Amino acid sequence: MVQAFTSGISVGELGLLRDRGFRPLKSVFGTCVYYLGYMPSWGGSTSTRNGIWPGYPNAGYIEIVPLTHAWNEARGLALSCLQADAAGIDADVVVGTQFSRSHYDWATGLMEFSVTGTAVRSTVYDLGPEPV
């Protein structure tokens, strides 16, 4: 029986998955919209040319730790949603994942992490109850 599905994987990747004993189920998706809060303008009145702070020649390369933590948390929440979507259809693995991050002009400090992939089930291996 042939079952229709949507996917982001190529025909070659589909053939490889089938040869290795995996059956595609459907496209799965996870997203997280995260509010970062107030973000100061780094090129404001306290800066000199090119947005570099006086006395800090490498200021353009300083990590903003709260921002890094926010990005990592948003990415993790999007992956959790993807895993829950895959678990809902008893998938073993999610392949062909693609990440994207978006910002919106209408909402300062708001970002969206999205991840998409194709949920597959093994016809040969026992990979456990949770999708990988």
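Predicted model: local features only at pLDDT ≥ 70, side-chain atom pairs only at ≥ 80, totals over all residues.
Which residues of α2 are buried? They are Leu-67, Ala-70, Ala-74, Ala-78, Leu-82 and Ala-86. Read those numbers along the helix and keep one rule in mind. An α-helix has 3.6 residues a turn, so residues three or four places apart point the same way.

α2 has 23 residues, and from its first C-alpha to its last it reaches 33 Å, close to the 33 Å expected at 1.5 Å a residue.

Now step inside, to the largest nonpolar core, which has 15 residues. Val-28, Tyr-34, Ala-74 and Ala-86 are the ones that touch the most other members. At least two residues of this core come from each of β1 (22–35), α2 (65–87) and β3 (110–122). The largest share, five residues, is supplied by α2.

What does Ala-74 touch, once residues up to four places away in sequence are not counted? Its partners are Cys-32, Tyr-34, Met-111 and Phe-113. There is also a second, separate core, made of seven residues, with Ile-9, Leu-17, Phe-22 and Val-95 among them.

Finally, turn to the aromatic rings. How many aromatic pairs does a search of the whole structure find? The search finds zero.

How values were computed
Residues numbered from 1 in each chain as written. Heavy atoms only, no water. Core = buried A, V, L, I, M, F, W, Y, C linked by side-chain atoms within 4.5 Å. Buried < 20%, exposed > 50% of the residue type's maximum accessible area, 1.4 Å probe, protein only. Helix = DSSP H or I, 4+ residues; strand = E, 2+ residues; numbered from the N terminus. Contact = heavy atoms within 4.5 Å. Phe/Tyr/Trp six-rings, centres within 6.5 Å; stacked < 30°, edge-to-face > 60°. Expected span 1.5 Å × (residues − 1).
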